[in-house]
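Subject: Structure handover

Hello,

Here is the structure for you to look over. My notes on what turned up follow below it.

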Amino acid sequence: MTIQIRSFLEKDFHDIQQLNEKEGWNGLVERNEETCCSWLNSEPALVAEEDGEVVGYLRGLTDGAVTLYICEILIKESHRNQGISEQLVRTAHECYPSTRVEMLATTSSHEYYENRGYRSFYGFRKSPEEMKNARS
């Protein structure tokens, strides 16, 4: 298996949305136009490719100096536990080596990150709909 990590290209978006759909990340799939816009405006935006097939991705945001925030990272189920996510994070961080890496984890993924030396931190989140309702 030879995995290539490279920058996201707009032609990758369909494959990314297929991975999101298979993972059940329906919010990203349903908000297709907004999700595409987020990819076009994110840095770093990386894909993991094997033989021309997108098998994983990382979408991040950074200020370039202090924080590199990993918004989403997803690996195709058949390619998990092969070190691809670590390659993606390492590649993203190599672009901004002075930054700390922060990411959110789900209840099913937090143990994965803890086992790799990430410390938990506390945060909050509201969806756009919840923000609208808070103003009402």
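Mean pLDDT for the protein chain is 91. Of its residues, 99% reach 70 or more. Among the elements, S2 has the highest mean pLDDT, at 98. Helix H6 (residues 128-135) has the lowest, at 78. Where pLDDT is low, predicted coordinates should not be read in detail.

Helix H1

H1 spans residues 13-23. Its buried residues are Phe-13, Ile-16, Gln-17, Leu-19 and Asn-20. Seen down the axis of H1, they fall within an arc of 155°, so they line one face of the helix. An α-helix has 3.6 residues a turn, so residues three or four places apart point the same way. On the other side of H1, His-14, Glu-21 and Lys-22 are exposed.

What covers the buried face? The cover over the buried residues of H1 includes helix H2 (26-30), helix H3 (32-40), S2, S3 and S4.

Gln-17

Gln-17 has a relative accessible area of 7%. The cut-off for buried is under 20%, so Gln-17 counts as buried. What does the side chain of Gln-17 make a polar contact with? Its partner is the side chain of Asn-32, at 3.0 Å. Leaving out residues up to four places away in sequence, Gln-17 touches Leu-28, Val-29, Asn-32 and Thr-35.

Aromatic pairs

The structure holds three aromatic pairs. Two of them are described here, by the distance of the centres and the angle of the planes.

- Phe-8 and Trp-39: ring centres are 4.8 Å apart and the planes stand at 40°, so the pair is tilted. Phe-8 sits in the loop between strand S1 (4-7) and H1, and Trp-39 sits in helix H3, so the pair ties together parts 31 residues apart in sequence.
- Trp-39 and Tyr-57: ring centres are 5.1 Å apart and the planes stand at 80°, so this pair is edge-to-face. It links distant parts of the chain, with Trp-39 in helix H3 and Tyr-57 in strand S3, 18 residues apart.

Phe-8, Trp-39 and Tyr-57 form one aromatic cluster. Phe-8 is buried, at 12% relative accessible area. Trp-39 is buried too, at 1% relative accessibility. Tyr-57 is also buried.

Nonpolar cores

In soluble globular proteins, nonpolar side chains tend to be buried together. The largest nonpolar core here has 15 residues. Which of them touch the most other members? They are Ala-48, Leu-58, Ile-70, Ile-73, Ile-84 and Leu-88. Strand S2 (45-50), strand S3 (53-62), strand S4 (67-75) and helix H4 (84-95) each supply at least two residues of this core.

Ile-84 is worth a look in your viewer. Neighbours within four places in sequence aside, Ile-84 is in contact with Ile-3, Ala-48, Val-55, Ile-75 and His-79.

Another core, of 11 residues, lies apart from the largest one. Its members include Leu-19, Ala-45, Val-54 and Tyr-57. Two of these names came up above: Leu-19 is a buried residue of H1, and Tyr-57 belongs to the aromatic cluster.

Best regards

Technical notes. Residues numbered from 1 in each chain as written. Heavy atoms only, no water. Core = buried A, V, L, I, M, F, W, Y, C linked by side-chain atoms within 4.5 Å. Buried < 20%, exposed > 50% of the residue type's maximum accessible area, 1.4 Å probe, protein only. Helix = DSSP H or I, 4+ residues; strand = E, 2+ residues; numbered from the N terminus. Contact = heavy atoms within 4.5 Å. pLDDT = per-residue confidence, 0-100. Arc of directions from axis to C-beta. Polar contact = N/O pair within 3.5 Å; in protein donor to acceptor, adjacent residues only side chain to side chain. Phe/Tyr/Trp six-rings, centres within 6.5 Å; stacked < 30°, edge-to-face > 60°.
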